[in-house]
Amino acid sequence: MLRRTLFTLHLNPKKKVVVLGSGWGGFNFVKRIDMNKFDVSLVSPTNHFLFTPLLPSCAVGTLEFRAIQEPVRTIPGLQYYQGKAMTYCPDTRKIICRDIFKEKDFELDYDFLIVTCGSKTSDFNTPGVMEREGNDVLFLKHLHHARQVRNRILECFERAAIPSTSEADRARLLSFVVVGGGPTSCEFVGELYDFISEDCGRWYPDLKSKTRVTLVEAGSQILGSFHKNLSNYVVKRFKNRKIDVKIGTAVTKIEGNSAHLSDGGKLPFGMMVWSAGLQPTKFINSLDFEKGPTGRILTDSHLRVKGNERVFAFGDCAVMEDQPLPPIAQAALQEAKYLAKKFNACQPGFGPLSDEGKKPFSYMSLGSMAMLGGWRAVADFSHVGSPGKQSNIGSVTGKTAFLLWRTAYWGRQVSLVNKILIPMYWFKAWLFGRDISRF
């Protein structure tokens with residue numbers, strides 16, 4: 001029996017699958033692919049999967065950083081390399097990568113390439129954004145961004161508390177601006193307001209009344225993918241909490257310590273969180289693949305890159321030509337499950353994956369949710385189901401939606417450890433308050 005097994009492995013060695021990216025797409029794909037059938041390597045500059053919907057909570061200390069990440073090396077049988085993909089060599093079936101430590105290049109051979117590189121924050125070429133990024137203008141997409149945001153908030157309060165600070169500087173330092181009206185921005189605004197009113201207000205009582213939170217959205221409504229009624233509910237909720245909401249207003253440039261707005265206004269700030277949109281990464285831009293209007297890689301309905309039978313792409317970096325989906329977590333997760341199942345169904349020794357007799361990918365919308373702070377949230381179930389078969393189940397607001405939001409995201413956690421840690425941190429923040437240490 002052993003001799004027969006060794007002979008079979010010699011004739012049909014495991015196919016090499018190289019996965020680029022450890023986000024929602026890449027991480028969930030390698031978790032589900034059969035390591036007994038495939039030799040799987042993953043390349044990513046981050047050695048963990050980040051549960052992005054809870055990132056705004058980490059930015060203010062409602063949750064701690066390690067509670068929303070999962071190390072990729074915990075996946076049995078996976079070979080992981082901490083680096084970045086640099087060059088795609090289709091003729092030799094190689095990917096040239098560069099480690100993030102000494103920036104030395106290394107090569108990986110592949111039989112199949114899975115591109116799930118995600119995306120990066122777009123500044124829309126707004127003058128001053130990239131020049132100030134990491135200082136008083138911060139993004140909110142990765143774990144280190146959340147740490148930067150938390151430290152900057154506390155720095156602003158500590159500097160404002162110094163007696164020699166002028167009233168003008170104090171007002172600027174305590175002005176917090178969030179650019180973008182999507183779920184991440186709205187959830188961060190809610191968390192930020194709770195942090196300021198409940199925690200900073202307790203430890204900096206003289207400064208609480210001087211703080212200002214402003215949300216700036218260039219579009220005609222915030223939460224643009226949600227039902228209009230829910231968007232109006234969120235605006236009303238924010239205004240009741242003294243949060244300034246500017247709709248139909250864009251930031252045209254950042255100069256000095258102020259944001260210049262399209263309505264002619266000028267908004268001084270101590271911290272700006274820029275979460276206004278996404279754009280392809282440098283590596284995706286370098287690929288000579290057919291791209292969609294926004295620069296995402298075009299694929300067929302089986303997630304195969306057009307004209308490349310051994311290359312697949314999905315998630316934020318790719319879009320299906322006949323079923324364009326938004327760059328959201330639930331789409332990448334479903335695509336990862338679909339493609340892993342397709343690979344696992346293959347027999348040893350197969351060549352390029354055949355689509356014959358295989359069902360194309362079909363997206364199943366599960367609805368959308370956003371947390372607003374103050375134990376409130378919104379949940380939109382007006383377009384639940386597959387395209388052409390969607391149902392309007394309705395919407396939920398307030399505390400019921402908040403309970404749904406927490407239950408859903410708690411249930412999505414990968415490890416038992418985080419399923420234990422997250423409720424503990426929620427309870428700790430409610431009972432004892434959030435941590436205001438700056439380190």
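Predicted model: local features only at pLDDT ≥ 70, side-chain atom pairs only at ≥ 80, totals over all residues.
In soluble globular proteins, nonpolar side chains tend to be buried together. The largest nonpolar core of the model comprises 97 residues, of which Val17, Phe29, Ile153, Phe188, Phe238 and Phe343 touch the most other members. For Ile153, contacts beyond the neighbours within four places in sequence are made with Ala59, Val60, Phe176, Phe188, Leu192, Phe195 and Met271. Another core, of 21 residues, lies apart from the largest one; Val18, Leu20, Leu287 and Ile297 are among its members.

Aromatic pairs number 17 in total. One of these is formed by Phe27 and Phe49, which are stacked with a centre-to-centre distance of 4.7 Å and an angle of 10 degrees between the planes. Because Phe27 belongs to helix α2 (residues 24–32) and Phe49 to strand β3 (residues 48–50), this pair ties together parts that are 22 residues apart in sequence. Both Phe27 and Phe49 are buried. The pair of Phe402 and Trp405 is likewise classed as stacked, since the ring centres are 6.3 Å apart and the planes lie at 20 degrees. These two residues, Phe402 and Trp405, are three residues apart in helix α11 (residues 398–411) and are therefore separated by about one helical turn. Phe402 is buried, as is Trp405. A single aromatic cluster contains Phe27, Phe49, Phe402 and Trp405 together with Trp24, Phe51, Trp375 and Tyr409.

Arginine side chains are also placed over aromatic rings. The charged end of Arg310 sits over the ring of Phe112, at 5.4 Å from its centre. Arg406 lies over the face of Trp426, with a distance of 4.2 Å to the ring centre.

Methods: Residues numbered from 1 in each chain as written. Heavy atoms only, no water. Core = buried A, V, L, I, M, F, W, Y, C linked by side-chain atoms within 4.5 Å. Buried < 20%, exposed > 50% of the residue type's maximum accessible area, 1.4 Å probe, protein only. Contact = heavy atoms within 4.5 Å. Phe/Tyr/Trp six-rings, centres within 6.5 Å; stacked < 30°, edge-to-face > 60°. Helix = DSSP H or I, 4+ residues; strand = E, 2+ residues; numbered from the N terminus. Lys NZ or Arg CZ within 6 Å of the ring centre and 35° of its normal.
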